[in-house]
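Thanks for joining, everyone. I would like to walk you through one model today, so please have the viewer open while I talk.

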Amino acid sequence: MKISDSKYGVIITTPGLIIIIALVVFPVIILLVTSFLRYTAVYPISFTGFKNYRYILNDRLFWLGLQKTVVYAGGVTALTFSGGVILALLLSKVTRGSGIFRSLAMFSWAVPLVISGFMWRWIFNPNVGIFSDLLMKVGLISEPVPIFSNRILAMLGCIVADAWVRIPFMCIFTLAGIESVPRELYDAVKVDGADCFGAFRHITLPLIKRMVLVGLLITSMITFRTIDVIFSMTAGGPGRSTYILSLYLIEQLWLRVNYGTGSATGVIMLLLISSFAGLYVYFIFKKE
Amino acid sequence: MRPRDGVAKILEKPATSYVLLIIILAAMLAPIVFTAFTSFKSRQETFSWPPTYFPQKPTLQAYHQVIFESPIIKHLRNSLIVTLGTTAVVMAGGLFTAYGLSQYRFRGSGVVLLIFIATRIVPPISLLIPFYIIMSFLHLINTFTCLIILNTFLWYPFAVWMLKSFFDAFPRDLIDSAIVDGCTRTRAFLSIVLPISAAGIAAVAIITFLWTWNEFLYGMIFTNTRDVQPITVGAHYFVGDELVQWDSIAATAMFVALPGLIFFSIAQRAIVKGLTAGAIKG
């Protein structure tokens, strides 16, 4: 007996579906359940209702973490976006040696974020790094800047190290969008007397908008939950000035050993990211 | 003349693009290049001020120390096991799933696809505690199996999504004519579709490999001995605990980043195609 094509599809798809249910749906259910439990190392497990959530929402550190996360994710996204788009625009203009330029532009994508943290920690180090030295040679500053003892500069340093790894991804996304724009359109607006700003605003931007939005969505969602760079650069310091929500969650697990509040933090992060993603998807599809 | 016209005129000159591009690329590559240079400096030189940009007397001292006096080789082995294991699992599972979703649609396959995409929204960090509970229950904390399972969770949906877009572009006529010639559907998939899409499949495998290699969070939370810790975590502790020695930090950094940089130089075109696959056609 020969099975139909659609049954065949079900058969070869099912194992993958089972994997995904086991690895995502099941843990999410556990997450939701534990967020309503008193689940610590000391007391027996019991149901507590919304107590964990109330605890977190009254915790000053949670709000600090949320604020730092928004600044961090916003900063990385903004820097990644501007860097990636500018790089893509330049790459699309260059004809000679474009292959080499393109590969050079994307190398930092392959560097692990933790290692990016190490690299930039050295660059920014006021005693041995080249950042301060370069600025002094140019004459912008007169003595080395201690990046990691200043609250604002430490955050900026982490943002740079993180965005540095993410710019190539944004760049290839934008570049793919730009290259799908037919050449003739540019010639047409040139005839109409538009300069390069006009061409960018009226042709490139509307046509690559969708692509750029997808890139922005991915970047902001990933940086909202990332931790690697901060872990290897500042570990939340100085004085919690780079204390992001992910660190708050890890503290629940490692320091307070409270799975209940940790899970509640996880649920809140999940909700924040989902609503964010929902908003983006809504805007992308509304236009069509 | 408005200032905007002047700027536009400069920007429209081809030479401007080259100059700007070279400046930006220099800034983008500087961290890698100078880390590589630092790894060849002597310890003394790394502490000098003003810092040297090129090694004055290149030496392999730092690499010697990292290879023979640090546990980095052990972590390298751990990472290889986890990475190869994850890539194998993800590809073996992902190929069939993606092919089914692409070529043999069924009622509800749209929903299945949506589930795959939706899982990407779940932040890995928020599942830390559920996974910790599950892995403790299964006695898998601090094992390679645990890391392979968690990395599969991280990269599997992405792999399916990328593979599906490769299979979507595959000419259906080729599959149909093979089946008319008496091939079974699985046979047609294995001996016709797979070889022809080999480049795309390789790209997905490489991307999965690199992402697993670079993974840090789960590696850090779910392992606690040198026998299991992947290289990113090993390097983090090694550098954090024992070193303020910049030559060794640089050599360690180069060690960890090297596979990525090598893979990327070889297969850049395919990787880029994989990463943008699916997004282009929307």
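I will go from the nonpolar core to a pair of packed helices, and then to one further helix and a domain assignment.

Before anything else, please keep in mind that this is a predicted model, and that what I describe has been computed from it.

Let me begin with the largest nonpolar core, which has 157 residues, and in which the residues with the most contacts inside the core are C158(A), I172(A), L150(B), A159(B), L163(B) and A253(B). The largest share of this core, 18 residues, is supplied by helix α7 of chain A, which spans residues 151-179.

Turning now to the helix pair, α1 of chain A (residues 5-34) packs with α6 of chain B (residues 109-119) at an angle of about 30°, and their axes are 11 Å apart. Because angles under 35 degrees count as roughly parallel, α1(A) is described as roughly parallel to α6(B). The contact involves G9(A), T13(A), L17(A), I20(A) and V24(A) on the α1(A) side, and S109(B), V112(B), I115(B), F116(B) and T119(B) on the α6(B) side. As for handedness, the crossing of α1(A) and α6(B) is left-handed.

How much of helix α11 in chain A is buried? Seven of the ten residues in this helix, which runs over 245-254, are buried, namely L245(A), S246(A), L247(A), Y248(A), L249(A), I250(A) and Q252(A).

Finally, the domain assignment of chain B gives domain 1 as 1-30 and domain 2 as 67-276, and the centres of these two domains, taken over C-alpha atoms, are separated by 38 Å.

Note on methods:
Residues numbered from 1 in each chain as written. Chains lettered and ligands numbered in written order. Predicted model: local features only at pLDDT ≥ 70, side-chain atom pairs only at ≥ 80, totals over all residues. Buried ≥ 20, exposed ≤ 12 C-beta atoms within 10 Å, placed from the backbone. Helix = DSSP H or I, 4+ residues; strand = E, 2+ residues; numbered from the N terminus. Domains from an automatic or database assignment. Core = buried A, V, L, I, M, F, W, Y, C linked by C-beta atoms within 7 Å. Axes fitted to C-alpha atoms, helices over the stretch in contact; angles between N-to-C directions. Parallel < 35°, antiparallel > 145°, perpendicular 65-115°, else oblique. Left-handed = near helix turned anticlockwise from the far one by under 90°. Contact = placed C-beta atoms within 7 Å.
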